[in-house]
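Reader: I have a model open and would like to learn how to read its features. Could you walk me through it?

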Amino acid sequence: MLFRSKQISLVAPTNSRVLIYGESGAGKELVARNIHFLSKRAHAPFVEVNCAAIPEDLIESELFGHTRGAFTGATETKKGKFELADGWTLFLDEIGDMSFKTQSKVLRALEDSRFQPIGAPASVRVDVRVIAATNKILPNEIAAGKFREDLFYRLNVIPFFVPPLRDRRSDIPILARHFLQVFSVEHGRPKKAFSQEALDTMCDYSWPGNVRELRNEVERLVIMSQSPVLQVRDLALPSETPQTGGSTLQESRAQFEKEFIVSKLNEQNWNIAQTARVLGLERSYLYRKMKSYGRSEEHTSELQSLAYLVCRLLLEK
């Protein structure tokens with residue numbers, strides 16, 4: 001299942017825009033980088049902008065650049081990310097946190113493939129492939145008046161959902177070994193390996209911080225552990241209270257049904273129509289079941305995943 005490799009291989013060679021959904025730390029940036037590295041623009045840099053990390057009064061300059069003297073503090077001319085990414089790939093991370101004003105400017109840049117730096121007398125034409133990502137439910141943001149519907153449809157040419165790590169546990173050993181190799185080289189440490197018991201323990205952990213938490217744990221192991229083979233005792237994972245089934249037959253049956261449906265959704269890449277066919281259910285019935293799960297207060301750790309499902313339902317209509 002790793003990063004929906006089949007989907008990426010279909011999407012990457014095109015210039016179509018991609019909108020990646022997923023919880024914080026789920027690996028949205030890794031998906032974006034994989035799309036870039038498998039694209040026709042792989043020879044060029046991958047330009048990234050974290051829209052949530054840049055103050056609102058600076059985001060326009062960061063994206064589109066400015067001329068010297070365009071505003072107080074503009075002591076020299078600066079190219080923006082759109083211009084720097086000309087001919088390349090531009091990754092707009094956490095686009096749901098971008099201000100409404102800046103969204104309008106990004107929309108115009110996408111529509112016309114040109115923009116005007118702050119203070120510049122003329123516009124600049126660029127050839128940029130835009131990949132965006134968000135941890136928010138954009139249809140909800142649109143309904144609340146916080147995100148432009150027209151920008152949403154400009155970005156949402158190919159929607160791509162990244163499930164949380166707890167829902168793709170088969171990826172954990174692959175990612176853990178990858179990060180182990182990367183950090184061993186980065187920190188100049190001898191090569192290490194995981195014992196099977198350590199990998200099993202990591203697969204049993206729910207990773208609430210997703211791929212980011214896994215990455216941090218592996219980096220810690222590379223730096224702190226002296227053993228060439230990493231064991232369970234080397235892990236520093238918080239203890240978790242095992243989940244138990246319902247106290248009655250009806251509750252246990254409902255819990256099993258929910259887990260079974262979610263597992264089938266994962267197998268079908270959260271394609272509602274296909275999952276309904278596999279389960280032999282009407283799509284409307286499956287939709288009602290998922291909405292009822294979203295109202296449950298007993299499974300708060302899954303609410304965000306279920307919200308993404310609703311978003312996918314909207315996108316498939």
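Reader: Over which residues does pLDDT stay under 50?

Author: This is a predicted model, and pLDDT stays under 50 over residues 295-317. For that stretch the model has 51 contacts beyond four places in sequence. Confidence is lowest in helix α14 (residues 303-316), with a mean of 44, and highest in strand β10 (residues 193-194), at 97. The protein as a whole averages 83, and 83% of the residues score at least 70.

Reader: Thanks! Next, salt bridges: how many does the count come to?

Author: The general idea is that side chains of opposite charge can pair when their charged atoms come close. Here the count comes to 12 salt bridges. In one of them, the side chains of K78 and E62 meet at 3.2 Å, N to O. That pair links distant parts of the chain, with K78 in strand β4 (residues 78-79) and E62 in helix α3 (residues 56-64), 16 residues apart.

Reader: Which of these two is buried or partly exposed?

Author: E62 counts as buried because its relative accessibility is 19%, under the 20% cut-off. K78 is partly exposed, with a relative accessible area of 36%. E62 also meets K81 in a salt bridge, at 3.7 Å, N to O. Since E62 lies in helix α3 and K81 in helix α4 (residues 81-84), this pair ties together parts that are 19 residues apart in sequence. Elsewhere, E29, R33 and E48 are linked in a network of salt bridges.

Reader: And where is R168 found?

Author: R168 sits in the loop between β9 (158-161) and α8 (171-186). Its side chain meets that of D171 in a salt bridge at 2.8 Å, N to O, and both residues are buried. For R168 the relative accessibility is 2%. The R168 side chain also reaches the backbone oxygen of A26, at 3.1 Å.

Reader: Last one, helices: which residues of helix α12 are buried?

Author: In helix α12 (residues 272-279), the buried residues are I272, T275, A276 and L279. They cover an arc of only 100 degrees around the axis, which puts them on the same side of α12. Just after α12, G280 takes a positive phi of about 70 degrees.

Note on methods:
Residues are numbered from 1 along each chain as its sequence is written. This is a predicted model: local features need pLDDT of at least 70, side-chain atom pairs count only at pLDDT 80 or more; totals for chains, interfaces and linings use all residues. Side-chain values use heavy atoms; hydrogens and water are left out. Buried means under 20% relative accessible area, exposed over 50%, partly exposed in between (1.4 Å probe, protein chains only). Helices (H or I, at least four residues) and strands (E, at least two) are DSSP runs, numbered from the N terminus. The arc is that of the directions from the helix axis to the C-beta atoms. A polar contact is a pair of N or O atoms within 3.5 Å; within protein, one must be able to donate a hydrogen and the other to accept it, and residues adjacent in sequence count only if both atoms are side-chain atoms. pLDDT is the predictor's confidence in each residue, from 0 to 100. Contact means heavy atoms within 4.5 Å. A salt bridge is a side-chain nitrogen of Lys or Arg within 4 Å of a carboxyl oxygen of Asp or Glu.
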